[in-house]
Amino acid sequence: MDPITFGVLTISDTCYNDRSKDRSGPRLVSQIMQAFRNAQVVASVVPDENSLIQSELRQWINREEVRIIFTTGGTGLAPRDVTPEATKPLLDKECPQLMTAITLASLKKTTFAALSRGVCGIGGNTLILNFPGSEKAVAECFGTVKDLLPHALHLINDDVALVQRTHAQVQGTETVEAQIHVCPHQTGVGDGRDRHSPFPMLPISVVMDIIFGVVQRTTCLEDDIWKTTSPVNIPPFRASIKDGYAMKSTGFSGSKRVVGFVAAGDAPCAQPLQEDECFKINTGAPLPDQADCVVQVEDTLLVSRDKHGEESLVEIMVEPKPELDVRPIGHDLRIHDSIFPITDSSPVVIQSLLSSVGISKSLPKPKVALVSTGSELLAPGELPVPGKVYDSNATMLEELLLYFGFNCIRTVVLSDNLPETKRSLVHLFEKVEFVISTGGVSMGDKDFIKTALEELNFKIHCGRVNMKPGKPMTFASKDNMCFFGLPGNPVSAFVTFHLFALPAIRWAAGWERTKCPLATIQVKLSQDHILDRRPEYVRASVTSKNGQLYASVNGNQISSRLQSIAGADVLVHLPARSSECFKASAGESYPASVLRYDFISKYE
């Protein structure tokens, strides 16, 4: 059977304005992927608005492949809790007993479950269930109904044979287990003969939701930075905008005696000033107390110098006007004004604006360690050894961290040894929040990473991703410690670092969620490319032709060929092959993740 698509709709004003605060949606997605190994999930967040809730639900109901929709939030008694009211008009049939089962199970956990008003029913061919908004309640409600869902879908689909088999099993006349799915990616059950991974292959979007839901923000910029106010005025004095002459605007144009010179950094001058006098002044210097304008040097003529060679008389060629080329006190920023007009997580912006008002602040960054696994690895500079290869991953990842503004605290190379791997991870996590390893996460006899994590009581949230390259990418956590197990093939490590590890580190550093992933642009393919059965991220160089961006795939895309990153400006997102489409054709437009700041290689 084809994969089943679930919809997860978070309904919350708060989460809509800041998706990082959505905990119940990602928790529900994670549970679906664990319970149904061939599941696909579409997820969204809407505010507590009846029309918007209905619009999103109606779109999913109209999609033939979406068979079950879970909503989370908006089922309480508050004025803006309107999820049941938005859901009911879309239902062709209500399923009150299903909601009764959820309520009875929830009441065993807490009496507050009596305050939930969720509904269940069928819209078109889609089963819709309203869950409460808390992460704990979502987990409990899903646990109540998950075993009922296969039979519910069989009934909705009118799969008579499967319905009869389930009834026979319940009545004790048959022992065949009814199934909602046959996993298209063959997930193992874990016995000694099973040759398949026990981890479901998750969509990239689901993995990203899990990561953002798990990774803790070690730097809370919202509190520490954005509310900071200025302790000074900028400028703190009336400042000249131009190199020129400061004077009284009441003195008109004509000849004026130069009675002094004011340079940037001088204290404001209190010397008396007549209408036929002026001060020569530099850009940024404080205006003399009795001057109210500046005439730029280009609008003057030098008439004479004194015996010391200093200017003594100048001709003012324009009429001086009050406040001409004068920047008043506090023009750019006043005392107690907010320093940051908008949130901008760039360290360049933050440190520059803070220093402009005299604040020196060290911004903590997540501490990251890099681990390369494999008994076959040699460090660059070592002599070649038969059966060994040079470790490029550690160097590549360390340089990538530096390129994106983060530091590598320590780099470790581990042999394929389980006890050593466990000891090293324990030691590293005493000093860092993130460990990024390469290798040891696939299905080989010496791939010990996942085993080590499980024995150290880490929760493995993801053990495989539906993508090429990078399928074995692993994400695990324990308390505030996060582990990224990237594949050992260099290109796979390169791609998965950019798509998963970098956004997680940025998120921990306090970046806005929308800014954490790489920027995405649209490019047109310069040549045909045969699609893979998994979504693929191909390395490509970008050429600008009359303002249109074209992407040329960088040769052989095999994951061991590190040369494909040379000249790679972007990762082009190509969809999985389908029966209707087996290739991406030249001229077609696709999204692409920008890998570098100078991402256009050529202009034509």
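Which residues does phenylalanine 448 touch, not counting residues up to four places away in sequence?

Analyst: Phenylalanine 448 touches Asp416, Asn417, Leu418 and Gly440, with residues up to four places away in sequence left out of the count. The model is predicted. Phenylalanine 448 sits in the loop between strand 20 (434–438) and helix 14 (449–455).

Next, the domains around it. The chain is divided into four parts: domain 1 (4–168), domain 2 (213–217 + 365–512), domain 3 (239–327) and domain 4 (520–603). Domain 2 is written as two segments, 213–217 and 365–512. The centres of domain 1 and domain 4, taken over C-alpha atoms, are separated by 37 Å.

Now the largest pocket. Its volume is about 890 Å³. It is lined by 40 residues. Closest to its centre are Arg19, Phe212, Arg513, Thr514 and Pro517. Several elements give two or more residues to this lining: strand 1 (5–11), helix 2 (24–35), strand 2 (40–46), helix 9 (204–214) and helix 15 (490–508). Helix 9 provides the largest share, six residues. By class, the lining holds 18 nonpolar, 14 polar and eight charged residues.

Helix 6 spans residues 135–145, and its buried residues are Ala137, Val138, Ala139, Cys141, Phe142 and Val145. An α-helix has 3.6 residues a turn, so residues three or four places apart point the same way. The buried residues of helix 6 pack against helix 2, strand 3 (66–72), helix 5 (96–107), strand 6 (126–131) and helix 7 (149–157).

The structure holds zero disulfides. Cysteine 141 is buried, with a relative accessible area of 3%. Its closest cysteine sulfur is in cysteine 120, 8.9 Å away, so the pair is too far apart for a bond. Cysteine 278 is buried too, at 0% relative accessible area. Its closest cysteine sulfur belongs to cysteine 293, at 10 Å, and that is again too far for a bond. The cut-off for a disulfide is 2.5 Å between sulfur atoms.

Arginine 58 has its place in helix 3 (residues 50–61). At 39% relative accessibility, arginine 58 counts as partly exposed. Arginine 58 and glycine 124 are 66 residues apart in sequence. Their C-alpha atoms are 9.8 Å apart in space.

Valine 232 gives another pair to check. This residue lies in the loop between helix 10 and strand 8. With 32% relative accessibility, valine 232 counts as partly exposed. Valine 232 and serine 249 are 17 residues apart in sequence, and 29 Å apart C-alpha to C-alpha. The contacts of valine 232 are Leu333, Arg334, Ile335 and Val357, not counting residues up to four places away in sequence.

Proline 235 is found in the loop between helix 10 (221–224) and strand 8 (239–240). A cis peptide bond joins isoleucine 234 to proline 235, with omega about -10°. Another cis bond runs from lysine 468 to proline 469, with omega near -5°. Proline 469 lies in the loop between strand 22 (464–465) and strand 23 (474–478).

Two residues deserve a backbone check. Aspartate 325 has phi near 55°, a positive value in a residue other than glycine. Its loop runs between strand 14 (311–316) and strand 15 (326–327). Aspartate 325 counts as buried because its relative accessibility is 17%, and the buried class is under 20%. Asparagine 546 is not a glycine either, yet has a positive phi of about 55°. Asparagine 546 is found in the loop between strand 27 (536–545) and strand 28 (548–553). Asparagine 546 counts as exposed because its relative accessibility is 79%, and the exposed class is over 50%.

Back to the starting point.

Methods
Residues are numbered from 1 along each chain as its sequence is written. This is a predicted model: local features need pLDDT of at least 70, side-chain atom pairs count only at pLDDT 80 or more; totals for chains, interfaces and linings use all residues. Side-chain values use heavy atoms; hydrogens and water are left out. On a 1 Å grid over the protein atoms alone, a cavity is a set of points where a 1.4 Å probe fits but cannot get out, and a pocket is an open set with protein on both sides within 12 Å along at least five of seven lines; lining residues have an atom within 4 Å of a point. Grid points are joined across faces, edges and corners, and a volume is the space filled by probe spheres set on the points. Helices (H or I, at least four residues) and strands (E, at least two) are DSSP runs, numbered from the N terminus. Ala, Val, Leu, Ile, Met, Phe, Trp, Tyr, Cys and Pro count as nonpolar, Asp, Glu, Lys and Arg as charged, and the others, Gly among them, as polar. Buried means under 20% relative accessible area, exposed over 50%, partly exposed in between (1.4 Å probe, protein chains only). Contact means heavy atoms within 4.5 Å. Domain bounds come from an automatic or database domain assignment.
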